[in-house]
Amino acid sequence: MSNKVFARPRALTDVATHYCPGCQHGIVHRLVAEVIDELDIQRKTIGVVPVGCSVLADQYFNVDCQQAAHGRAPAVATGIKRVHPDKVVFTYQGDGDIAAIGTAEIVHAAARGEKITTIFVNNAIYGMTGGQMAPTTLANQITATTPKGRQEDSAGSPIQLSEMLATLRGAKYIERVSVNSPAQMAKAKAAIKKAFETQLSGAGFAMVEVLATCPTNWGKTPVEATRWLNENMLPQFPLGVYKNANEV
Amino acid sequence: MLEKVLMKGNEAIGEAAIAAGCRYYFGYPITPQSELIEYMAKRLPEVGGMFLQAESEVAAINMVYGAAGAGARVMTSSSSPGVSLKQEGISYIAAGELPCVIVNIMRGGPGLGGIQPGQADYFQATKGGGHGDYHCIVIAPNSVQEMADLTALAFNLADRYRNPVMILGDGALGQMMEPVNFDSCKAMLTDKPWATTGMGTRDKPNSINTLQLQPEKLEEVNVHLQAKYALLQTQETRSEAIWTDDAELLVVAYGISSRIALSAVKRARDQGMKVGLFRPITLWPFPKSELADAVKMASAVLVVELSSGQMIEDVNLAIRCSKQVYFQGRTGGMMMKSSDIYDQILQIIAPQGGN
């Protein structure tokens with residue numbers, strides 16, 4: 001008799017995703033779903049998905065979902081959570097969504113201490129539209145709209161959202177992780193779990209920033225992409241806990 | 001509350017919303033609607049509701065999207081420049097078929113404009129405003145009592161048709177005080193099995209989603225929306241007709257302009273002139289057939305608006321340009337006097353300078 005040791009989380013639907021080969025969204029989806037399963041909150045969770053590569057994530061998460069306008073997920077989540085304070089509400093957002101067009105919404109959701117959980121996937125590029133500059137694009141990084149590399153004197157410098165939001169009293173748990181190795185994935189999952197537990201405890205706003213690869217738009221193989229992330233993104237976006245107000 | 005109380009129009013909208021079961025409000029301060037956001041801040045906690053001042057109009061309308069999608073009766077309010085900022089969210093709300101009430105207490109524009117009353121957002125309100133083929137139901141009260149009654153109607157229509165409803169008032173109606181009661185403001189609640197409330201005991205998750213990457217699917221969505229709008233056009237037009245049966249000149253006005261116009265029409269009637277007033281109460285769906293009926297006996301139409309002429313286009317379409325249509329408008333927050341309208345009535349009816 002055999003024991004099943006690995007299966008699809010209940011909080012994921014049984015469909016093939018549209019993500020590119022080597023894209024790490026699938027890993028992040030799975031970690032979020034595993035946490036939802038472990039906390040046994042699938043039937044009381046409402047997800048808010050963004051505009052960007054994860055715009056179709058409502059088809060992948062096996063929970064109630066709303067799809068928000070570009071950048072507005074934290075405002076939409078606020079509306080849901082205020083109506084259903086006993087439910088669990090999370091947003092899943094990319095770097096362009098959360099740190100460019102939706103900067104105001106995430107800053108103020110955090111400032112209000114909105115009792116929501118935000119999963120922020122930072123891959124330093126606009127994936128869905130084909131590889132343009134993101135607010136987190138590194139200095140001198142070449143993208144479709146920075147063909148000579150991002151020039152800081154005209155195109156600005158990367159936004160470190162975790163560091164920014166950690167300054168706000170309403171933000172109770174902020175951590176930056178990567179999913180570049182099995183060990184990092186385990187750490188990322190633990191962080192995501194803490195971010196959901198922060199919401200469940202009623203403490204306030206929580207966010208996990210996940211550094212992720214985009215092999216397609218970085219023009220690299222998946223293996224090259226993980227190396228590029230380690231060598232280039234980690235110095236700009238150091239991993240670690242930026243806020244743990246309640247020591248969850 | 002059987003007795004009438006003296007209230008500002010803005011406050012009457014707030015109290016009527018609560019009477020109609022609204023318990024969630026998201027907004028941002030702007031003159032001349034600030035009495036409404038302040039009223040909700042004070043009143044909603046008293047009835048177990050939730051008030052939130054958003055960081056922007058953009059955030060406020062998206063909070064409304066979230067709350068409406070989660071099954072709540074929810075409202076936001078603003079004035080012209082703020083309503084422009086909400087247009088993205090309104091397009092998504094219409095596409096997601098989410099019921100909510102949006103109040104626009106119009107002021108003079110364009111740009112930052114001024115803070116005095118205007119009616120120049122008619123095009124924005126009735127023709128879409130945001131991107132895509134959609135309509136809000138647009139309701140135009142002309143008294144504080146109607147601001148109450150039509151607010152309750154707005155919530156009930158929003159739920160029945162799963163459509164955003166806009167109450168299009170103006171700074172005069174919002175600020176002026178009149179006696180009002182809330183006897184007719186009743187909540188007609190509907191089930192919302194589509195709402196994202198957490199799966200609970202449901203087998204499958206609910207999703208509120210406005211993305212359709214397959215053009216065939218997106219066309220189906222649009223066909224469905226257009227069928228709803230066609231139904232609204234046949235079922236939900238509202239208007240008021242005063243002395244239109246024998247009117248040779250039909251004055252057409254809505255909102256505060258209709259109050260000024262009525263004074264002029266009454267004076268003309270006192271002088272024996274066959275003048276009537278037609279007042280659209282729903283600006284979308286526009287009461288086309290009602291207006292076409294009212295205009296049958298008339299030889300001319302006078303449209304009065306606090307704009308450079310916006311509703312006049314719908315008037316011409318409704319009567320298929322079958323009559324001579326005149327216009328009187330003021331802009332920038334300036335109001336016409338009833339004597340201005342009366343003088344124009346005289347000119348139209350007695351163009352040869354007769355009595």
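What follows is a conversation about the sheets, helices and chain contacts of a predicted model.

Student: Let's start with the sheet that has eight strands, so what is the strand order there?
Tutor: In this predicted model, the eight strands form an open sheet in the order β7(A)-β5(A)-β6(A)-β4(A)-β3(A)-β1(A)-β2(A)-β9(B), and the pairing is mixed.

Student: How many bridges join β2(A) to β9(B), and which residues of β9(B) are involved?
Tutor: Two bridges join strand β2 of chain A, residues 64-67, to β9(B), and the two strands run parallel. Gln66(A) stands opposite Ile208(B), while Cys65(A) has Ser207(B) as its bridge partner.

Student: What about β1(A), is it buried or exposed?
Tutor: Strand β1(A) is mostly covered, since five of its five residues count as buried. The cover extends to both faces, with Thr45(A), Gly47(A) and Val49(A) buried on one side and Ile46(A) and Val48(A) buried on the other. As background, side chains in a regular strand alternate between the two faces of the sheet.

Student: Switching to helices, where does α1(A) lie?
Tutor: Helix α1 of chain A, residues 25-38, lies across β1, β4 and β6 of chain A, and its direction is at about 160° to β4(A). The helix has 14 residues and reaches 20 Å from its first C-alpha to its last, close to the 20 Å expected at 1.5 Å a residue.

Student: Which residues of α1(A) are buried, and what covers them?
Tutor: The buried residues include His25(A), Ile27(A), Val28(A), Leu31(A), Val32(A), Val35(A) and Ile36(A), and what covers the buried residues of the helix includes β1, β4, α7 and β6 of chain A. Just after the helix, Asp40(A) takes a positive phi of about 55°.

Student: OK, how do α2(A) and α4(A) pack?
Tutor: Helix α2 of chain A, residues 73-83, and helix α4 of chain A, residues 103-111, pack at an angle of about 40°, with their axes 7 Å apart. That angle makes α2(A) oblique to α4(A).

Student: Which residues make the contact?
Tutor: Helix α2(A) contributes Pro74(A), Ala75(A) and Thr78(A), and α4(A) contributes Glu105(A), Ile106(A) and Ala109(A). By class, the contact residues divide into four nonpolar, one polar and one charged.

Student: How many residues of chain A are in contact with chain B, and which element gives the most?
Tutor: There are 29 residues of chain A in contact with 32 residues of chain B. The elements giving two or more residues to the chain A side are β1, β2, α2 and α4 of chain A, and α2(A) gives the most, with eight residues. The chain A side has twelve nonpolar, nine polar and eight charged residues.

Student: Now chain B, what is the order of the five strands in its open sheet?
Tutor: The order is β10-β12-β11-β14-β15, with mixed pairing. Strands β10 and β15 of chain B stand at the edges with a single partner strand each, so one side of each is left without a neighbour in the sheet. The twist averages 20° from one strand to the next, and helix α11 of chain B, residues 311-318, packs on the sheet, touching β11, β14 and β15 of chain B.

Student: And β12(B), how many of its residues are buried?
Tutor: Six of the six residues of β12(B) are buried, so the strand is largely enclosed by the rest of the structure. Four bridges join β12(B) to β11 of chain B, running parallel, and four join β12(B) to β10(B), running antiparallel. Among the pairs, Leu249(B) stands opposite Val275(B), Val251(B) stands opposite Leu277(B), and Ala241(B) has Phe278(B) as its bridge partner.

Methods. Residues numbered from 1 in each chain as written. Chains lettered and ligands numbered in written order. Predicted model: local features only at pLDDT ≥ 70, side-chain atom pairs only at ≥ 80, totals over all residues. Axes fitted to C-alpha atoms, helices over the stretch in contact; angles between N-to-C directions. Parallel < 35°, antiparallel > 145°, perpendicular 65-115°, else oblique. Contact = placed C-beta atoms within 7 Å. Nonpolar A, V, L, I, M, F, W, Y, C, P; charged D, E, K, R; others polar. Pairing = 2+ DSSP bridges. Expected span 1.5 Å × (residues − 1). Buried ≥ 20, exposed ≤ 12 C-beta atoms within 10 Å, placed from the backbone.
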